[in-house]
Amino acid sequence: MKILIIDAQGGGMGRQIVAALKQAFPQDELTAVGTNSVATTAMLKAGADHAATGENAVIVGCRKADVIVGPVGIVIADALYGEITPAMALAVGQSSAKRILVPTNLCGNIIAGVSDYTPSHLVAEVTNEISKLR
């Protein structure tokens, strides 16, 4: 399975997701795309098989992925402090890949009915959802 992990800012959530997925599904191909080089580097150090940075990397990665994982902001233009461009959000939204969106109440986007879970709880939920896709 080809899994695309998209993250922004410091890449902390993406780093944790990459590490957990690499441990749970070592046979899967993990591609990390950061909206900036700091996020990309964090995910690459966590064990991503491939990594790239920026808008075009998101667009191309979305065409090739079976599953896309990232904070819910990856489908909202100008989210994550403006790091998600309209083209990025469109690519994620129009991709034929399954999307596993991590609910985070950050950057002016509040998801009603979602509790503030710890990052480790959210990462465990990502792993559970990917297990269901198999």
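Student: Why is glutamine 9 called partly exposed?

Tutor: Its relative accessibility is 30%. Buried needs under 20%, exposed needs over 50%, and partly exposed is in between. So glutamine 9, at 30%, counts as partly exposed. Keep in mind that this is a predicted model.

Student: Where does glutamine 9 lie?

Tutor: In the loop between strand 1 and helix 1, which covers residues 12-24. Its backbone deserves a look too. Phi of glutamine 9 is positive, about 50°, although the residue is not a glycine.

Student: Which value of phi does leucine 80 have?

Tutor: Near 55°. That is a positive value in a residue other than glycine. Leucine 80 is found in helix 4, residues 79-82.

Student: What makes leucine 80 buried?

Tutor: Its relative accessible area is 7%. The cut-off for buried is under 20%. Leucine 80 is under that cut-off, so it is buried.

Student: How do you know that residues 79-82 can be called a helix?

Tutor: A helix here needs at least four residues in a DSSP run of H or I. Helix 4 is given as residues 79-82. The run therefore qualifies as a helix under that rule.

Student: Why is valine 75 called partly exposed?

Tutor: Its relative accessible area is 31%. Partly exposed lies between the buried limit, under 20%, and the exposed limit, over 50%. Valine 75 therefore takes the label partly exposed. It lies in the loop between strand 4 (67-71) and helix 4.

Student: What is valine 75 in contact with, leaving aside its neighbours within four places in sequence?

Tutor: Ala89, Val92 and Leu101. Contact means heavy atoms within 4.5 Å. For alanine 89 there is also a C-alpha value: the C-alpha atoms of valine 75 and alanine 89 are separated by 4.3 Å. The two residues are 14 residues apart along the chain.

Student: Why is glutamine 27 called exposed?

Tutor: Glutamine 27 has a relative accessible area of 56%.

Student: How many residues along the chain separate glutamine 27 from serine 131?

Tutor: They are 104 residues apart along the chain, and their C-alpha atoms are separated by 13 Å. Proline 26 has its own pair: glycine 47 is 21 residues away along the chain, with 9.9 Å between the C-alpha atoms.

Student: Is threonine 127 buried or exposed?

Tutor: Buried. The relative accessible area of threonine 127 is 15%, and buried means under 20%, so the label holds. Threonine 127 is found in helix 6, residues 119-132. Not counting residues up to four places away in sequence, it touches Ala20, Leu21, Ala24 and Phe25.

Student: What makes serine 95 buried?

Tutor: A relative accessible area of 10%.

Student: Now the whole chain. How many helices and strands are there?

Tutor: Six helices and five strands. From the N terminus on, the order is β-α-β-α-β-α-β-α-α-β-α.

Student: How do you know that the chain is as compact as a globular protein of that length?

Tutor: The radius of gyration is 13 Å, close to the 14 Å that the globule rule gives for 134 residues, so the chain is as compact as a globular protein of that length. The C-alpha trace spans about 35 × 35 × 30 Å along its principal axes. Buried residues make up 43% of the 134 residues.

Student: Last, the largest pocket. Which residues lie nearest its centre?

Tutor: Glu29, Thr31, His50, Gly61 and Lys64. The lining has 13 residues, and the volume is about 210 Å³. Helix 3 gives the largest share of the lining, four residues.

Student: Which classes make up the lining?

Tutor: Seven residues are nonpolar, three polar and three charged.

Methods. Residues are numbered from 1 along each chain as its sequence is written. This is a predicted model: local features need pLDDT of at least 70, side-chain atom pairs count only at pLDDT 80 or more; totals for chains, interfaces and linings use all residues. Side-chain values use heavy atoms; hydrogens and water are left out. On a 1 Å grid over the protein atoms alone, a cavity is a set of points where a 1.4 Å probe fits but cannot get out, and a pocket is an open set with protein on both sides within 12 Å along at least five of seven lines; lining residues have an atom within 4 Å of a point. Grid points are joined across faces, edges and corners, and a volume is the space filled by probe spheres set on the points. Helices (H or I, at least four residues) and strands (E, at least two) are DSSP runs, numbered from the N terminus. Ala, Val, Leu, Ile, Met, Phe, Trp, Tyr, Cys and Pro count as nonpolar, Asp, Glu, Lys and Arg as charged, and the others, Gly among them, as polar. The radius of gyration is taken over C-alpha atoms; the globule rule is 2.2 Å times the number of residues to the power 0.38. Buried means under 20% relative accessible area, exposed over 50%, partly exposed in between (1.4 Å probe, protein chains only).
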